[in-house]
Amino acid sequence: MATRNSVFANPKPCEHLADYKLRHGLSGYKSIQKWLKASPYGKTSIKMCETKMPTCRFCSGFHQGRLFLCLICSSMSCSDHTLLHAQSENGHDIAVDIERSELYCCLCSDQVYDPDFDKVVVSKNIMDMPSKTHDSVVDDLMRRSSKRRRLNPVVDLDLKRSKLLVSMMDRRAKSCYPLGLRGLNNLGSTCFMNSVLQALLHAPPFRNYFLSERHDPETYNGGCQCIAHRVFSGMLRSDVTCTTCGFTSTTYDPCVDISLNMDTTNFSTVNVANKSVREDTGRSTLLACLDLFTRPERLGSDQKLYCQNCQEKRDSLKQMSIKRLPLVLSLHIKRFEHSSLRRSSRKIDWYLQFPFSLDMTPYLSPSIVRNRFGNRVFGFESDKPDISSEFEIFAVVTHSGMLDSGHYVTYLRLQNQWYKCDDAWITEVDERIVRAAQCYMIFYVQKMLYCKANEDWSCMPISTRRDPFVPIAGCC
């Protein structure tokens with residue numbers, strides 16, 4: 001198994017949580033265990049009283065924000081008054097978010113993580129399932145326990161059925177989760193934001209830039225040089241050719257992602273009620289989408305453009321290509337479409353086959369221009385791209401459900417292992433699950449930044465004395 005990069009370390013734990021555990025141990029965790037209630041989907045909350053609505057002791061009324069239960073005195077405070085409670089009561093620093101069953105430090109005003117607390121929550125979930133058979137309990141617990149973020153195997157908490165969870169975790173604990181891999185809470189219809197953030201935070205140049213403390217709050221003149229543009233920004237080339245005289249007008253536009261239409265060549269036609277209706281086969285490929293993106297497109301009569309040579313509007317052909325590739329290639333699949341004719345919108349549910357290794361050479365401007373005009377024009381444009389055109393996949397954002405009700409999750413590839421990030425829940429998955437997913441966004445990183453020895457991008461330096469955008473000299 002590949003060794004972990006020693007420069008990555010666990011974040012410094014909360015000193016207030018450490019002080020609380022030193023003085024009280026796990027007694028506070030176990031005392032609230034009887035109030036923990038799990039939903040059928042694995043979400044756990046605190047229900048102290050079924051009939052009485054919880055209120056903040058300072059507001060003396062119902063609070064629409066988050067409420068926190070003090071682990072020392074069991075008093076309730078809203079997010080506006082948790083700090084006041086900790087300041088007025090010495091040692092009352094740690095509370096629990098009653099809606100999410102997650103630890104919160106009142107003095108740090110932030111969530112804190114403790115695997116021991118997760119063990120108490122999961123063990124309570126086990127105790128709340130007496131009616132299920134042994135096999136169904138194991139299957140359900142595999143799903144629920146993997147949703148809770150953990151880095152260490154579960155130990156015996158002297159609770160009934162805890163051995164079941166221990167044996168289950170032993171089977172799947174062939175390796176701990178990569179350091180820094182954490183779930184993101186759903187704040188209310190924020191699954192898409194969480195999914196994209198997971199992909200962005202694990203884009204190797206983007207991640208290592210911040211870990212190397214190279215971010216500078218000052219802005220730059222002469223074009224944006226921020227980390228986001230340095231990592232994700234590329235350049236598109238658009239050639240518009242007059243069909244009358246052959247004059248070509250070329251423009252260049254920066255981009256941070258590329259939106260791709262699904263290839264429709266696999267459509268078949270069926271006769272329904274004497275009308276010709278398209279019926280899709282439900283399959284396409286990413287390469288076909290890229291071919292479609294760079295294919296010449298005849299502009300309609302209502303899109304005639306002014307030809308500088310003819311001095312009037314003419315019919316024309318438009319062709320897109322990629323002038324400059326980014327370090328991280330973000331591809332957006334257009335799965336939602338609106339028809340002004342039918343006055344309706346729909347989701348495109350086709351399966352899209354995508355490679356884990358992607359060569360973008362056929363879609364670069366030199367390749368496209370050569371295919372269109374031949375070698376005559378190549379005195380003006382180099383065949384060699386500025387950076388590598390070979391990419392490796394590291395993240396996939398997927399969408400499940402319908403147009404008006406769906407859910408986004410992200411699959412991350414870390415140390416050659418895939419992880420499913422479903423809001424706050426992290427789960428190991430097989431690559432076959434990823435390949436079968438209904439991808440919405442696909443993220444690739446340049447292959448030259450990938451270290452085969454470490455099966456990760458960990459060979460990239462994060463020292464402040466080195467550039468985080470290039471691999472270490474001599475690395476594989």
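Two strands pair if DSSP finds at least two bridges between them. The model examined here is predicted. In this model, strand β23, residues 390–401, pairs with β24 over 7 bridges. The two strands run in the antiparallel sense. One of the bridges links T398 to V409 in β24. A hairpin connects β23 to β24, with 4 residues making the join.

Strand β24 also pairs with β25. These two strands are antiparallel, and 5 bridges join them. L412 has Y419 of β25 as its bridge partner. Here too the strands form a hairpin, with 2 residues between β24 and β25. Q415 lies in this turn and has a positive phi of about 50°.

Beyond β25 comes D423. This residue sits in the loop between β25 (417–422) and β26 (425–429). The relative accessible area of D423 is 11%. Buried means under 20%, so D423 counts as buried.

The surroundings of D423 were examined next. Leaving aside residues up to four places away in sequence, D423 touches G183, L184, N186, C191, N194 and H407. With N194, the side chain of D423 makes a polar contact of 3.0 Å, side chain to side chain.

Methods:
Residues numbered from 1 in each chain as written. Predicted model: local features only at pLDDT ≥ 70, side-chain atom pairs only at ≥ 80, totals over all residues. Heavy atoms only, no water. Buried < 20%, exposed > 50% of the residue type's maximum accessible area, 1.4 Å probe, protein only. Polar contact = N/O pair within 3.5 Å; in protein donor to acceptor, adjacent residues only side chain to side chain. Contact = heavy atoms within 4.5 Å.
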